[in-house]
Amino acid sequence: MITWILKGVSRCTPHKVTSRLLSTFHQPDLKAIAKELENFPGGSIDLTKDNETGIAVMVINNPDKRNSLSGKMMVEMSEKVDQLEQWAQGKGLILMGKDGSFCSGGDLAFVKKALHYGAEMAAFQHHTLTRLHNLPLISVALLQGHTLGGGAELSTACDFRVMSTSGKIGFVQVKMGITTGWGATTRLVSLLGRKKALQFLSSAKIMSAQEAHQEGLVDHILQNSLSHNEELEACKQWLGLNYCNYDSNLLQAVKALIVHCDSSKDTSKSLKYERDVFAQFWGGPAQKAALAAKIKHN
């Protein structure tokens, strides 16, 4: 069945893309990929760690482009995850976007120049976001403003999602002529089950905070009429009081136990297949047509 699906996909994509089979990606050269991704500049990933509270804040900082990720930012996120893996005093992490918008996926300037590099980029992001998901910290994505496409994928790499009342979230990949490339299909099926994952990914529906909460994707909706900074403080309070109120060593051990239990299932094959399918569509006719149409997500 898998072979049939991949053959069906290959018929609608350029030979240049379909011929780039991912047999070489069983052990991707992440250092080489990082070096290539660094050639696509723009934005930054900023990290602050509070040793007193044990809560870190990672900020996706590219507000002029709705905090979309450049290649350079992907590398910086991986480096910040390196730091968090070694943070002995850490208890929790908040992942958020700059100036009241979470993330709108990949920077289109980067995307248009990297249509030949989808498989490599996906492999790098899978590695980074799997490590983010498995950090010995309890993580929360603070969803303000727009959380679309790859941004929605990023949010699934956190343990919880807290959302502002005016926020919107949607897995709009099919609208852009691609499938998920940053691991969200695998994580969504694990998080909410096959049916909900299919609903989100095939409809490209953009959900309000209330809808996302009803579907089980969002865990908490913040109080109305808060400023962006007040929402961050409210998220810190929610995380601290509910999940980060105990010794850091103990909390890290609890998270490690849960990760070990969860990872005993074979997710690597699922990620490999997700990456294969994504690579077939990346740079294909549907994506190019969507880019040319300059689709807006309202």
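Six strands make up an open sheet, ordered E1-E2-E3-E4-E6-E9 with mixed pairing; strands here are DSSP runs of type E with at least two residues, helices are H or I runs of at least four, and both are numbered from the N terminus. Two strands count as paired if DSSP finds at least two bridges between them. The model is a predicted one, in which local features need pLDDT of at least 70 and side-chain atom pairs count only at pLDDT 80 or more, while totals for chains, interfaces and linings use all residues. Residues are numbered from 1 along each chain as its sequence is written, and side-chain values use heavy atoms, with hydrogens and water left out.

At the edges of the six-stranded sheet sit strand E1 (44–50) and strand E9 (220–221), each with a single partner strand, so one side of each has no neighbour in the sheet. E1 runs antiparallel to strand E2 (residues 55–61), and seven bridges join the two. Asp50 ends up opposite Ile55 in E2. Helix H4 lies across E1, E2 and E3, at about 15 degrees to E1; axes are lines fitted to C-alpha atoms, for helices over the stretch in contact, and angles run from 0 to 180 degrees between N-to-C directions.

Buried means under 20% relative accessible area, exposed over 50%, and partly exposed in between (1.4 Å probe, protein chains only). Leaving aside residues up to four places away in sequence, Leu154 touches Ile60, Leu69, Met77, Leu95, Phe102, Cys103, Leu129 and Trp182, a contact being heavy atoms within 4.5 Å.

E5 and strand E7 (residues 168–170) run parallel and share three bridges, with His146 partnered by Lys168 in E7.

As for helix packing, helix H6 (residues 118–133) meets helix H13 (residues 268–281) at an angle of about 145 degrees, with the axes 9 Å apart. On the H6 side, Gly118, Ala119, Met121, Ala122, Ala123, His126 and Thr130 meet Leu271, Arg275, Phe278 and Ala279 of H13.

Most residues other than glycine have a negative phi. Asp99, in the loop between strand E3 (92–97) and helix H5 (108–113), has a positive phi of about 60 degrees although it is not a glycine. Asp99 counts as exposed because its relative accessibility is 55%. Lys294, in the segment after helix H14 (285–293), likewise has a positive phi, of about 50 degrees, without being a glycine. With a relative accessible area of 63%, Lys294 is exposed.
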